[in-house]
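Let's walk through this one together, going from a single side chain out to the whole fold and back again.

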Amino acid sequence: MIDLRSDTVTKPTDEMRKVMARADVGDDVYGEDPTVNRLQDMAANMLGKRFALFVPSGTMANQLAIRSQTQPGQEIIVESTSHIVRYEQGAAGALAGVQLHWIYGERGVMSAEQVEAAIRPNDSHSVTTALICLEKHTQRRRRYDLSALYHRENPHDRRTSQDPDASRRSTAVQRRRRDDAAADGLCPAL
């Protein structure tokens, strides 16, 4: 049985282990692992990007997305039950030097009005809101309406970007295929 509660509890089947044992491998630090290279190329093509980077966990992907889109001393907006808040042990502060602005959403989903109210004004005496993080795992079968989060003004006007949960980007890719306009330019980490 495959347990899909988390990437950390799923155990490979015997067939999966055999495939792993037969996989072409190499040193991926030097770009010599053909399996990792194919996976990264496939992900980049799916997302319409020039490059992709394989990381072994959703936590690592979240932290890379946060660090690559923020500067120390900035703030990110997150839902209070998100993985970043509950299970990443303060990594955003320790690794990226950012603080978390928690929003208490409804069943794990922040409303556009809550996000809008949480974005800091452009004030030299206040921390800057740099990123809005949306996580699919907290949605409990509810979907974010990305257009609602952009209905008032473009967040780039306020120097704020948006990161849909890094460990669930394939969902964004599937939606992008249905509606290319929804993802283009809105989520720089994609």
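Which backbone oxygen lies 3.1 Å from a polar atom of the side chain of Q69? The backbone oxygen of A65 does, a polar contact in the sense of N or O atoms within 3.5 Å, where within protein one atom must be able to donate a hydrogen and the other to accept it, and sequence neighbours count only if both atoms are side-chain atoms. Q69 sits in helix α3, which covers residues 58–69. Q69 counts as buried because its relative accessibility is 17%, and buried here means under 20% relative accessible area with a 1.4 Å probe and protein chains only.

Some ground rules before going on: this is a predicted model, with local features needing pLDDT of at least 70, side-chain atom pairs counted only at pLDDT 80 or more, and totals for chains, interfaces and linings using all residues. Residues are numbered from 1 along each chain as its sequence is written, and side-chain values use heavy atoms, with hydrogens and water left out.

Zooming out, the protein chain has nine helices and four strands, taken as DSSP runs (H or I, at least four residues, for helices; E, at least two, for strands) and numbered from the N terminus. Read from that end, the order is α-α-α-β-α-α-β-α-β-α-β-α-α. Of the 190 residues, 35% are buried. Take the contacts (heavy atoms within 4.5 Å) between residues at least 6 apart in sequence: 67% of them join residues at least 24 apart. The accessible surface is about 12,100 Å², with 51% of it belonging to carbon and sulfur atoms; areas come from the Shrake-Rupley method with a 1.4 Å probe.

Now for helix α2, residues 34–47. Its 14 residues reach 20 Å from first C-alpha to last, close to the 20 Å expected at 1.5 Å a residue, where the expected span is 1.5 Å times one less than the number of residues. V36, Q40, A44 and L47 are buried in α2. Down the axis, the buried residues of α2 fall within an arc of 75°, so they line one face of the helix; the arc is taken over directions from the helix axis to the C-beta atoms. As background, an α-helix has 3.6 residues a turn, so residues three or four places apart point the same way. At the start of α2, a side-chain oxygen of D33 comes within 3.0 Å of the backbone nitrogen of T35. Just after α2, G48 has a positive phi of about 70°.

One last stop is L134, in strand β3 (residues 129–134). L134 counts as buried because its relative accessibility is 5%. Its C-alpha is 7.5 Å from that of E79, 55 residues away along the chain.

Terms used:
Buried < 20%, exposed > 50% of the residue type's maximum accessible area, 1.4 Å probe, protein only.
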